[in-house]
Amino acid sequence: MTTTAQQRSADLDTRLRAHPDRFRVLTGDRPTGRLHLGHYFGTLHNRVRLQRLGVPLHLVIADYQVITDRDTAEHLDEHVEELLLDYYAAGLDLERCTPFTHSAVPALNQLMLPLLSLVSLPELHRNPTVKDEITHSRQASVNGLMLTYPVHQAADILFCGANVVPVGQDQLPHLELTRTLARRFNDRYAPVFTEPEALLSPAPLVLGTDGTKMSKSRGNAIHLADTPDRTARLLRGATTDSQRHITYEPDTRPEIASLLLLASLCTGQDPHRIAEDLGSAGAAALKNTVTDAVNTHLAPLRARRAELAQDRTHLRRLLREGNARARDHAESTLDQVRTAMGTRY
């Protein structure tokens with residue numbers, strides 16, 4: 001069944017393709033390690049598609065958000081570079097978009113203060129994003145920054161005038177809070193912010209090798225930068241079931257279905273057809289098929305990534321330039337906010 005959110009997203013996608021110059025996208029990641037196949041098929045593909053359409057992209061590398069759920073944030077500089085390598089190797093042209101880090105854009109973080117004044121404490125406690133982050137927190141106790149998590153994300157979106165945010169279905173409540181904060185500010189002070197629209201990701205969920213959601217922290221992820229041998233080793237250990245005959249049944253055989261889906265995404269073949277071709281060959285044959293598909297699909301990306309990694313000065317220059325553009329935009333937005341609030345002295 002098509003939901004209202006899905007219909008709105010489909011209408012938005014039609015408008016994006018017709019008039020890409022009328023939109024600006026904000027998306028990004030936390031620098032906690034290399035990206036994996038879940039990121040690749042879930043978000044990177046769509047970002048590359050939007051860039052090819054001509055939609056301006058702002059890519060936030062959310063370094064300050066790393067310390068919301070961790071007692072320490074080690075190797076952040078290395079993780080930021082690895083993230084940039086994954087972006088570039090996956091097809092994002094960092095010359096044409098605006099990559100930036102939270103820590104390099106002071107005006108963005110200052111914008112969070114007036115936004116925090118527009119949200120109540122119960123609203124923050126009820127936010128599904130906050131609840132989920134608290135549940136999976138790596139800290140001995142929850143810090144104050146955790147509660148500001150969705151407001152910080154709202155500032156990311158609003159400072160650059162993004163009117164499109166690619167999200168999953170589970171992230172819709174967060175985006176609705178961003179829209180609410182934009183309305184509250186505009187109603188209380190003056191019209192400064194545009195309410196962003198949600199572009200739902202069409203990508204299916206890619207499970208990890210243990211049958212749960214693919215995640216960097218769970219050790220079940222195949223990273224874009226992994227070697228073919230490590231990819232093969234991880235897939236050989238993937239969870240399957242006791243049935244020898246291979247069928248594509250996501251509801252009743254999720255682990256087998258996830259492997260078939262991965263082969264399908266990498267080859268373009270229908271997962272039902274891949275299952276039919278395998279028949280009663282068993283899980284070992286399925287894993288070999290998936291390994292070949294993944295390694296073949298990622299070979300050009302991995303070669304490009306290895307080439308880019310030899311000289312990272314280019315990446316650091318692109319990030320400095322992106323940070324400078326983001327600072328200019330954030331300072332301009334903060335100036336509008338100060339004018340609206342009457343705090344320009």
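**Entry 1: the strands**

I started with strand 2 (residues 57-61) and found that strand 2 pairs with strand 3 in the parallel sense over four bridges. For pairing I went by DSSP, which has to find at least two bridges between two strands. My strands are DSSP runs (E, at least two residues) and my helices are DSSP runs too (H or I, at least four residues), numbered from the N terminus.

Before going on, I noted that this is a predicted model, where local features need pLDDT of at least 70, side-chain atom pairs count only at pLDDT 80 or more, and totals for chains, interfaces and linings use all residues. Residues are numbered from 1 along each chain as its sequence is written, and side-chain values use heavy atoms, with hydrogens and water left out.

Which residue of strand 3 is the bridge partner of Val60? I looked it up, and Phe100 is the partner. Strand 2 also pairs with strand 1 (residues 25-29): five bridges join them, and they run parallel. There I picked out Leu26, whose bridge partner in strand 2 is His58.

Next I checked burial, taking buried as under 20% relative accessible area, exposed as over 50% and partly exposed as in between (1.4 Å probe, protein chains only). Five of the five residues of strand 2 are buried, so strand 2 is largely enclosed by the rest of the structure. I sorted them by direction: Leu57, Leu59 and Ile61 point one way, His58 and Val60 the other way.

**Entry 2: helix 5**

Which residues of helix 5 (residues 106-116) are buried? I listed Ala107, Leu108, Asn109, Leu111, Met112, Pro114 and Leu115. The list is helix 3 (63-66), strand 3, helix 9 (149-159), helix 10 (172-188) and helix 15 (313-341).

Packed helices get described by the angle between their axes and the distance between the axes. My axes are lines fitted to C-alpha atoms, for helices over the stretch in contact, with angles running from 0 to 180 degrees between N-to-C directions.

I took helix 12 (residues 254-267) with helix 13 (residues 271-278): their axes come within 8 Å and cross at roughly 115°. Helix 12 and helix 13 are therefore roughly perpendicular to each other. The scale I used has under 35 degrees as roughly parallel, over 145 as roughly antiparallel, 65 to 115 as roughly perpendicular and the rest as oblique. The contact is made by Leu260, Ala263, Ser264 and Thr267 of helix 12, with Pro271, Ile274, Ala275 and Leu278 on the helix 13 side. I sorted these residues by class and got six nonpolar, two polar and no charged. Here Ala, Val, Leu, Ile, Met, Phe, Trp, Tyr, Cys and Pro count as nonpolar, Asp, Glu, Lys and Arg as charged, and the others, Gly among them, as polar.

Then I turned to helix 12 with helix 14 (residues 283-309), whose axes come within 8 Å and cross at roughly 35°. From helix 12, Ile256, Leu259, Leu260, Leu262, Ala263, Cys266 and Thr267 meet Leu286, Lys287, Val290, Ala293, Val294 and His297 in helix 14. By class I have 10 nonpolar, two polar and one charged for this contact.

**Entry 3: single residues**

Ser9 is in helix 1 (residues 4-18). Is Ser9 buried or exposed? Ser9 is buried, at a relative accessible area of 5%. Leaving aside neighbours within four places in sequence, I found Ser9 in contact with Ala198, Leu199 and Leu200. I also checked Ser9 against Val164: they are 155 residues apart along the chain, with their C-alpha atoms separated by 9.9 Å.

Thr209 lies in the loop between strand 5 (197-200) and helix 11 (228-236). I have Thr209 as buried, with 13% relative accessible area.

His125 is in helix 6 (residues 121-126) and is partly exposed at 45% relative accessible area. Not counting residues up to four places away in sequence, His125 touches Lys131 and Leu147.

Last, I looked at Thr339 in helix 15, which counts as partly exposed at 47% relative accessibility.

Methods. Contact means heavy atoms within 4.5 Å.
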